[in-house]
Amino acid sequence: MRLSPTALLMGLGLSCLLVGLSGCQPKAQQSSTSFKNASSSSHRYQAKKPAAAVSQSSSQKFKQDFHPTKAQTKSHHYVKSGALTQTGQYTYDSVGTKLTLAQVQHPQTTLKSGPFTYRLTTVRLIRNVAETADAKKMAAQALNLNTVKSPYYTLQVKFTIINHRHQDLTTDGIKGIRLGTQTDAPLLTAATQLSDASAGKTVPANSRLNTYATGLASQGTAPTFKRIKIAFAGAYTATQKQVVAPSAWLTTKIE
């Protein structure tokens with residue numbers, strides 16, 4: 001079913017899941033991941049910015065005043081700003097989650113579907129360790145889990161949608177991300193813990209949209225997949241006419 005661009009945003013979150021696409025905002029520890037309630041029974045992430053990943057819960061308050069100790073920041077791998085660019089670099093969010101860049105790739109692979117060209121520019125894997133009680137509670141709530149197994153890993157993809165048509169088009173974003181190339185590999189969708197900032201966005205005529213998505217890759221242990229597959233949903237005119245069909249799968253490595 002096509003997702004409505006006006007679906008209600010629910011403010012939940014994980015503080016800095018999206019670190020590494022453009023870095024945390026050090027001044028305000030800005031939040032950017034929350035769930036989007038598309039129906040009464042399904043949730044999905046909706047990330048506003050690729051910088052931080054916690055928004056304050058609408059149903060429960062969490063302390064967001066965590067400051068790492070001197071011992072936690074003495075390593076040369078520590079990045080105060082949160083802009084993680086090299087594997088091994090780490091930062092802390094405002095509720096006490098340690099985020100470490102585990103893997104990063106810049107594939108620059110493209111896929112064409114009708115008047116759209118999709119270019120996958122960055123793939124990152126983030127290792128998240130909830131080091132405070134509030135960090136664990138917030139992570140569990142944001143992931144729609146009773147408890148969260150720490151560390152947990154989040155997958156981030158950054159991509160560009162190029163519109164070759166002489167007409168503005170609204171994209172439904174990502175149809176799914178498969179964590180592996182096998183047909184039975186885990187599938188992230190809007191209903192299964194995938195955040196897609198592109199869904200419902202307009203790609204201007206003869207222009208492009210730079211956007212991203214994030215999702216839960218694994219809990220407790222590091223994920224073992226070496227490849228991921230991404231398929232994109234359709235796109236529509238202002239009169240709801242579909243002019244871009246769902247794409248084929250685009251495969252890229254993450255190792």
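Predicted model: local features only at pLDDT ≥ 70, side-chain atom pairs only at ≥ 80, totals over all residues.
**Ground rules.** I number residues from 1 along each chain as its sequence is written, and I leave hydrogens and water out, since side-chain values use heavy atoms. Local features need pLDDT of at least 70 and side-chain atom pairs count only at pLDDT 80 or more, while totals for chains, interfaces and linings use all residues.

**Entry 1: strand β8.** I took helices (H or I, at least four residues) and strands (E, at least two) as DSSP runs, numbered from the N terminus. I looked up the cover on β8 (residues 152–163) and found 11 of its 12 residues buried. Buried is under 20% relative accessible area, exposed over 50%, partly exposed in between, with a 1.4 Å probe and protein chains only.

Next I checked its partners; two strands pair if DSSP finds at least two bridges between them. β7 (residues 116–130) runs antiparallel to β8, with 12 bridges joining them. On the β14 side (residues 208–219) I count 11 bridges to β8, again antiparallel. Tyr 152 in β8 is the bridge partner of Asn 128, and Tyr 152 also stands opposite Gln 219 in β14.

**Entry 2: the largest nonpolar core.** Which residues touch the most other members of this core? Val 157, Ile 174, Ile 177 and Ile 228 do, out of 30 residues. At least two core residues come from each of β7, β8, β10 (174–178), β14, β15 (227–232) and β17 (242–244). By core I mean buried Ala, Val, Leu, Ile, Met, Phe, Trp, Tyr and Cys residues joined through side-chain atoms within 4.5 Å.

I then listed contacts of Ile 177 (heavy atoms within 4.5 Å), leaving aside neighbours within four places in sequence. Among them are Leu 155, Val 157, Pro 186, Leu 194 and Ile 228.

**Entry 3: aromatic rings.** I find seven aromatic pairs in the structure. Rings of Phe, Tyr and Trp (its six-membered ring) pair if their centres lie within 6.5 Å; planes under 30 degrees apart count as stacked, over 60 as edge-to-face and the rest as tilted.

Tyr 78 and Tyr 92 have ring centres 6.4 Å apart and planes at 45°, so I log the pair as tilted. Tyr 78 lies in the loop between α1 (70–73) and β4 (90–92), and Tyr 92 lies in β4, 14 residues apart. Tyr 92 is buried, at a relative accessible area of 7%.

For Tyr 118 and Phe 232 the centres are 3.9 Å apart and the planes at 5°, so this pair is stacked. Tyr 118 in β7 and Phe 232 in β15 are 114 residues apart, and both are buried.

Ring pairs also join Phe 66, Tyr 78, Tyr 90 and Tyr 92 into a cluster. The charged end of Lys 98 sits over the ring of Tyr 90, 4.5 Å from its centre; the test is NZ of Lys or CZ of Arg within 6 Å of the ring centre and within 35 degrees of the ring normal.

**Entry 4: Asp 196.** A polar atom of its side chain lies 2.6 Å from the backbone nitrogen of Ile 174.

**Entry 5: an open sheet.** Four strands form an open, antiparallel sheet in the order β13-β9-β16-β17. β13 (202–203) and β17 are at the edges with a single partner strand each, so one side of each has no neighbour in the sheet. Two bridges pair β9 (residues 169–171) with β16 (residues 235–236), and Thr 170 stands opposite Tyr 236 in β16.

Technical notes: Polar contact = N/O pair within 3.5 Å; in protein donor to acceptor, adjacent residues only side chain to side chain.
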